[in-house]
Amino acid sequence: MVELLPSILSADFAHLAGQIAAASRGGGSVVHVDVMDGHFVPNITIGPVVVKSLRKVTRLPLDCHLMIENPDAFIPAFAEAGADWVSVHYETCRHLHRSLELIACHGMKPGVVVNPATRVDLLVEILPMVHHVLVMSVNPGFGGQKFIEFSLDKIRRLAQLRQELGLAFRIEVDGGVTCETVARIVRAGADLLVAGNAIFGAGRPEEDARALLALARQAAGE
Ligand code: DX5
Ligand code: ZN
């Protein structure tokens with residue numbers, strides 16, 4: 001089943017609780033939290049302190065996308081703050097297997113993220129360990145960027161690997177998911193759809209989430 005994950009990066013940070021509630025009424029079912037450190041990506045956002053506050057205002061799972069150097073050092077703090085899913089970038093983990101184990105042993109669902117230039121075949125050995133693979137379909141750092149078309153091939157390849165290996169990890173896509181691109185993304189095999197600007201950019205999160213999810217479900221034949 002396809003799910004919509006509102007990315008609060010494009011929300012009004014002074015009113016996060018209300019923005020999340022609205023996106024949830026529109027069908028958003030997991031909150032995507034972009035954590036950026038100004039080193040791995042050229043932007044700084046939020047950390048465990050804000051996750052702890054979000055935990056108090058929503059029951060939806062919190063999906064923390066760590067765009068930070070040395071993620072292992074912060075995984076316990078995210079667990080403590082109430083994160084449900086945590087994903088780490090392939091490009092930031094010297095010992096990816098260890099990082100994924102660390103997330104799981106803190107009771108959270110582990111995910112791995114690949115930048116646009118990173119091949120998904122590099123993940124074959126660790127696929128049995130992950131709850132989700134996050135395909136970046138823009139270069140991480142900012143909302144509102146254009147979808148990179150070759151991401152569709154990476155999603156198809158992951159869906160093929162999932163079938164060949166008899167696994168059940170979910171395929172998440174992040175960056176440039178809009179009413180224009182979502183059908184192709186879903187048909188390629190993605191089932192977790194992150195959207196920031198398309199939900200929060202026009203100030204109508206409930207309506208815009210609902211419309212985007214309807215298109216995704218239609219493309220999935222649900
Ligand atoms: C970008 C973030 C995304 C971002 C997506 O580095 O990881 O989650 O919010 O934004 P849109 O949906 O606007 O492309
Ligand atoms: Zn993200």
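**The zinc site and its surroundings**

Modeller: Let's start with N70, which sits in the loop between β3 and α3 (75–81); helices here are DSSP runs of H or I with at least four residues, strands are E runs of at least two, and both are numbered from the N terminus. Bear in mind that this is a predicted model, where local features need pLDDT of at least 70 and side-chain atom pairs 80 or more, while totals for chains, interfaces and linings use all residues. Residues count from 1 along each chain as written, chains are lettered from A and ligands numbered from 1 in written order, and side-chain values use heavy atoms, leaving out hydrogens and water.

Most residues other than glycine have a negative phi. N70 counts as partly exposed because its relative accessibility is 47% (buried is under 20%, exposed over 50%, partly exposed in between, with a 1.4 Å probe and protein chains only).

Now the metal. The zinc ion (ligand 2) is held by NE2 of H32, OD of D34, ND1 of H65 and OD of D174, at 2.0 to 2.3 Å. Donors are N, O and S atoms within 2.8 Å of the metal (3.2 Å for Na, K and Ca), and with water not among the atoms, sites may look incomplete. Along the chain, the donors of this zinc ion run H-x1-D-x30-H-x108-D. The arrangement is octahedral because the 6 donor atoms subtend angles of 69 to 166 degrees; for six donors, that label needs opposite ones over 155 degrees apart and all others between 65 and 115.

Finally, look at V173, in strand β7 (residues 170–174). V173 has 0% relative accessibility, so buried is the word for it. Leaving aside residues up to four places away in sequence, V173 touches L134, V135, S137, F147, I155, I185, A190, L192, L193 and V194 (contact means heavy atoms within 4.5 Å). Then there's D191, 18 residues from V173 in sequence and 8.1 Å away in space, C-alpha to C-alpha. So, back at the zinc ion, D174 supplies an OD donor, while V173, in β7, has L192 and L193 among its contacts.

Definitions and conventions
Tetrahedral: all angles 85-135°; square planar, octahedral: opposite > 155°, others 65-115°.
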